[in-house]
Amino acid sequence: CTENDNRTSSLPTGITTCPSLIQLQIGANDIRKVNETLTSQLYILDIKDNPNISIDVTSVCSQIRAGMYKLIYDKTQDIRGCDALDIKR
């Protein structure tokens with residue numbers, strides 16, 4: 001959240017490729033479509049409480065399966081690209 005406790009609706013472009021960023025907590029926002037390609041450099045991603053989010057995790061699915069990538073999410077979110085996640089539709 002910002003200083004005014006407002007929810008943000010977008011990610012900064014290129015944030016997922018920052019070489020020193022290993023964890024990104026964007027929970028409790030109103031992020032909609034995530035156009036960033038996730039990388040294994042960023043291995044903890046918290047998107048919980050973003051009810052309108054749409055994200056493709058194909059690029060890190062093998063890491064999710066191997067337990068090397070932690071995605072914190074709500075089962076009702078639009079998360080695509082990885083059948084290893086327990087998401088009910």
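User: Where does Gln 77 lie?
Analyst: Strands here are DSSP runs (E, at least two residues), and helices are DSSP runs too (H or I, at least four residues), both numbered from the N terminus. By that numbering, Gln 77 belongs to the loop between strand 4 and strand 5.

User: What kind of model is this, and from which number are residues counted?
Analyst: This is a predicted model, where local features need pLDDT of at least 70, side-chain atom pairs count only at pLDDT 80 or more, and totals for chains, interfaces and linings use all residues. Side-chain values use heavy atoms, with hydrogens and water left out, and residues are numbered along each chain as its sequence is written, from 1.

User: Is Gln 77 buried or exposed?
Analyst: Buried means under 20% relative accessible area, exposed means over 50%, and partly exposed is in between (1.4 Å probe, protein chains only). The relative accessibility of Gln 77 is 1%, so Gln 77 counts as buried.

User: Which backbone oxygen lies 2.8 Å from a polar atom of the side chain of Gln 77?
Analyst: A polar contact is a pair of N or O atoms within 3.5 Å; within protein, one must be able to donate a hydrogen and the other to accept it, and residues adjacent in sequence count only if both atoms are side-chain atoms. The side chain of Gln 77 reaches the backbone oxygen of Asn 50 at 3.1 Å. At 2.8 Å lies the backbone oxygen of Ile 47.

User: Which residue is 4.6 Å from Asp 49, C-alpha to C-alpha?
Analyst: Asp 49 sits in the loop between strand 2 and strand 3 (54-56), and at 34% relative accessibility it counts as partly exposed. Leaving aside neighbours within four places in sequence, its contacts (heavy atoms within 4.5 Å) include Arg 7, Asp 74 and Gln 77. The residue 21 places away in sequence yet 4.6 Å away in space is Ala 28.

User: How many disulfides are there?
Analyst: A disulfide is a covalent bond between the sulfur atoms of two cysteines. Here the rule is a pair of cysteine sulfur atoms within 2.5 Å. Cys 61 and Cys 82 are joined in this way, S to S 2.2 Å. By this rule the count is one.

User: How many residues apart in sequence are the parts tied together by Cys 61 and Cys 82?
Analyst: The link is right-handed, with 70° about the S-S bond. Cys 61 lies in helix 1 (residues 61-65) and Cys 82 in the segment after strand 5 (78-80), so the parts that the pair ties together are apart in sequence by 21 residues.

User: In which order do the three strands form an open sheet?
Analyst: Two strands pair if DSSP finds at least two bridges between them. Strand 1 and strand 2 (residues 44-46) run parallel and are joined by three bridges, with Gln 23 opposite Ile 44. The edge strands, each pairing on one side only, are strand 1 (23-25) and strand 4 (70-72). The sheet is open, its pairing is parallel, and the order is 1-2-4.

User: How do the elements of the protein chain run from the N terminus on?
Analyst: The chain has one helix and five strands. Of its 89 residues, 37% count as buried. From the N terminus on, the elements run β-β-β-α-β-β.
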